[in-house]
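The sequence and structure come next.

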Amino acid sequence: MQKRITVSDFSKSKRENRKISMLTAYDYPTAKILDQAGVDSILVGDSLGMVVLGYEDTTRVTMEDMLHHIKAVVRGTERALVVGDMPFLSYHLGKYESVRNAGRLLNEGGCKAVKLEGGEEVLEDVKAIISAGIPVMGHLGYTPQSVNRFGGHKAQGKDLETAKRLLRDALLLQKAGVFGIVLECVPYRVAEYISHRLDVPTIGIGSGAGCDGQVLVTSDMLGLFKDFMPRHVKKYMDMGSSMEEAVKLYISEVQEGIFPTEKNSFKVEDEVLIQLKAASDL
Ligand code: KIV
């Protein structure tokens, strides 16, 4: 059994200048592959809504959806730190509800930390969750749960005012005790400067190499999700096309009687078959 990575390893990585690798997963087999490949952390992101459940954005994802997928991912991991995303409105209805929901992700789901979106506006919830002993990861910049407020998928922190707000929010979250902050679609020089100002690590997505670690949506980097491809994604393979080719081959082999062969089937003794054909006591 491997030693599981903890939130303290995140700060240690930053101190030792070692970049943190994080990827998303939503199911047991994918989590197992990522874990065995050695990724530091697995995020069960609410990107689940788009890349697995086929919703248009993350606002339809529920606590029950998150719990269902966090449980599967936790079963597939031994080493990676599993972080569960708090879904839309699960931390906006008062501190009691926020702590209760974060607690459910650990207690029922089995993840070791939660992530939530926002800065100053969610600070009291962040503090309350951390006071309950639950590690929290922040998420600033483009925050997908606010897609309807942003009016689309847009980089954040391009002008002085919004860049200052990002830095202020990051410092407030750090003071509240978060163990890391995802920076999504922040101009790379702003992200690099924020990372430099913080003691806790930043995990970038579309925010450049100056962050202390990187996260990608696994379905995007493997080419499995084709509805849209954000500009910041690097596609490491085209799994969607390989799957399509394999499925086409299967269909033609079934139609032509090439599959299954004897190798894919079970044998029976001749005598059983003779007696089956002769049986009249059905
Ligand atoms: O839900 C998610 O996958 C995320 C990442 C994009 C950081 O929040």
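## Barrel

Two strands pair if DSSP finds at least two bridges between them; strands (E, at least two residues) and helices (H or I, at least four) are DSSP runs, numbered from the N terminus. The model is predicted, so local features need pLDDT of at least 70 and side-chain atom pairs pLDDT 80 or more, while totals for chains, interfaces and linings use all residues. Residues are numbered from 1 along each chain as its sequence is written, and side-chain values use heavy atoms, without hydrogens or water.

Eight strands close into a barrel with parallel pairing, in the order 1-2-3-4-5-6-7-8. Neighbouring strands of this sheet are turned by 25° against each other on average, direction ignored. Three bridges join strand 1 to strand 2 (residues 41-44) in the parallel sense. Methionine 22 has serine 41 of strand 2 as its bridge partner.

## Helices on the sheet

Helix 4 (residues 63-75) packs on the sheet and touches strand 2 and strand 3 (81-85), contact meaning heavy atoms within 4.5 Å. The direction of helix 4 makes about 155° with that of strand 2. Axes are lines fitted to C-alpha atoms, for helices over the stretch in contact, and angles run from 0 to 180 degrees between N-to-C directions. Helix 5 (residues 95-109) lies across strand 3 and strand 4 (113-115), at about 135° to strand 4.

## Largest pocket

A pocket is an open set of points on a 1 Å grid over the protein atoms alone, where a 1.4 Å probe fits, with protein on both sides within 12 Å along at least five of seven lines; lining residues have an atom within 4 Å of a point. The largest pocket is lined by 32 residues, with Leu23, Leu34, Thr218, Met221 and Leu222 nearest its centre. Helix 2 gives the most to this lining, five residues.
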